[in-house]
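Please open the model in the viewer and keep the selection tool at hand.

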Amino acid sequence: MWLVALTPVLCLGLAPNPAQATNAYPATVTLGKLTDTYEAPSEKDPSDVKLTPQEVYITGMKQNDKNADYGWYRIATWRGEKWVKLTEADFNGQEQLVASDVALLAETELYDEPKSGTGTGIMLGKQTVHAEAISGSYLKIGTWLGSKWIRISGDMLLDVQAKPQELALAAAVTPVFARPDGLSELVMELSPQTVHAFEQKDNWYHIRTSGWDAWINPDIAVPAGVSEQTMSADVQQKTVLYAYPSFDAKPLGVIAPQQVNVSGTVGGWKRIDSDWVGEAWLYNVPDPDQYAPPPATKQSPGDRKWQFRQTEAAGAVGKEFPVNVWLESPNGPIKPGTKLQLGVSMTNFSRNTVRLDAPAQFAIDIVRLAGGEEQTVWSALLPETATSITGQGNYSIEGYTWNQTDANGDQVPQGDYVVRLRLIRPVTLGEDGVEWKHTLQFRSYFVNVPIHILLPAGDCTPRLDTAKELFHNYLTSQKRSSVPASRRIADYRIQDVRLARESYDDFTFTVTYEVKPASDSFKPAAAGQSQWDGLIRYDKREFHAIRQGDEYRLDTKGISP
């Protein structure tokens, strides 16, 4: 059984999406001696790769707050990413220039040199300083005492931008936090007004108000226009409650499937009054297993029009695809309620005019992928195109918005979807000066955009990190001598890990990886592909993780490396 500790929903000190300082690290380090590597930032997971003295690229770091004498650094090697344990001495004389404004969120000690034991005892209060160099886990800054060093910690916010501005708060309620962290102390709540922000990191703004030095994030607020209404709503799956109508807000707890009394709604969020957490907000997403797609529904083209512009795009005359059509849509994972802005572009890459025998008409479909079936849940019919496109001309249309509701106006469940462009009827086109006729068509990868709606679980531990750790632990266990030879591996390399589906109780992720069998009797899974040097490769293989109390367990039933 492989377990990863999960921070409970009612957690303190970590936020689901805080503007915390990312642990800074040098771009490279020159190893001065033979160095052991590890599969994970732990001495319990050694690798058989040993590095001779050389310069290596650093790709990540795990902050070690308990012991300042060493840190774990992820590096790139010819065998994939590995971890090395480096001390302050390993960075001696390896000072690299940086340019970053750093907000100190707590008292911070000054050091004479980038190593422990050189602390001055002089503490800097909360302020923003400019870092000019980095060495290991220390930053060099200028002070009234000359150049000094500070040790990087979670009480710092790196790459803060000095952007004095007047910020108009239009939300009905904007919470003010002591730190740029939705779980930090709530200082006060502001009504609509204008505040002065003097610096910014991502969507966090540093302000001073009513004697407080504090932070606000406009994404964490109660928007104006809450519909004050009393109604009931069926919650079909375990759902996280939040302090404000935002997935970046503090999670208050989780409710089981039940009927709840709603006192207000805004933008898909519902406000309820709970006996155990008080006022709370939830985003009600239907259970994928209970969701019924709407019947096919046609939508009118509306009043949008194709816009023409002349481009400098050029291609060979008379080729198979003189006209390219592509869909403009975001891809990848999105949260419930995120609005997708959609559009279509059609370009004539020939220098000659292309003429169509009839206007082309397209539809944008949102297709749900469920259980091997495709379900069209929403569709937008575009207006007809012109019947000619001048050489290097482009027609585009935009302004179509999908707010994750189906044709009936109901929220769709989490899961896999495709944004697809569809040609309503065949159209033949011809190019001036070229003797050929061709049916208008387009390459599928231009007009099929995969998206995935992820349902945040309110966990304080990012699930992608959990997936990586679970899978690493599993593969490491398959190297043990007690594992049968038909399953035992000598080494492995994880190339890509992505979340596929998730709910509160579980999640699914895909992994692209390679394993090296420990013997000739190794029997790879059916999905494995033999590679050079005896490696077995798996592309986007799917795995399932299940919640057990405050931990996750990788479901290994029936799987092999």
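Is Lys479 buried, partly exposed or exposed? Select Lys479 in this predicted model: at 25% relative accessibility, the residue counts as partly exposed.

The side chains of Glu39 and Lys479 form a salt bridge, with an N to O distance of 4.0 Å. Glu39 is found in the loop between β3 and β4 (46-51), while Lys479 belongs to the loop between α2 (463-477) and β40 (489-502), so this pair ties together parts that are 440 residues apart in sequence. Glu39 itself counts as buried, at 10% relative accessibility.

Now move to Lys33 and Asp90. Their side chains meet in a salt bridge of 2.9 Å, N to O. Lys33 sits in the loop between β2 (28-30) and β3 (35-38), and Asp90 in the loop between β7 (80-87) and β8 (96-104); the contact therefore ties together parts that are 57 residues apart in sequence. Of the two partners, Lys33 counts as partly exposed at 46% relative accessibility, whereas Asp90 counts as buried at 17%.

Then select Glu514 and Arg493, whose side chains are joined by a salt bridge of 2.6 Å, N to O. Glu514 lies in strand β41 (residues 506-517) and Arg493 in strand β40, so the pair links parts that are 21 residues apart in sequence. Glu514 is buried, with a relative accessible area of 4%; Arg493, with 24%, is partly exposed.

Finally, display the whole structure, in which a search finds 20 salt bridges.

Key. Residues are numbered from 1 along each chain as its sequence is written. This is a predicted model: local features need pLDDT of at least 70, side-chain atom pairs count only at pLDDT 80 or more; totals for chains, interfaces and linings use all residues. Side-chain values use heavy atoms; hydrogens and water are left out. Helices (H or I, at least four residues) and strands (E, at least two) are DSSP runs, numbered from the N terminus. Buried means under 20% relative accessible area, exposed over 50%, partly exposed in between (1.4 Å probe, protein chains only).
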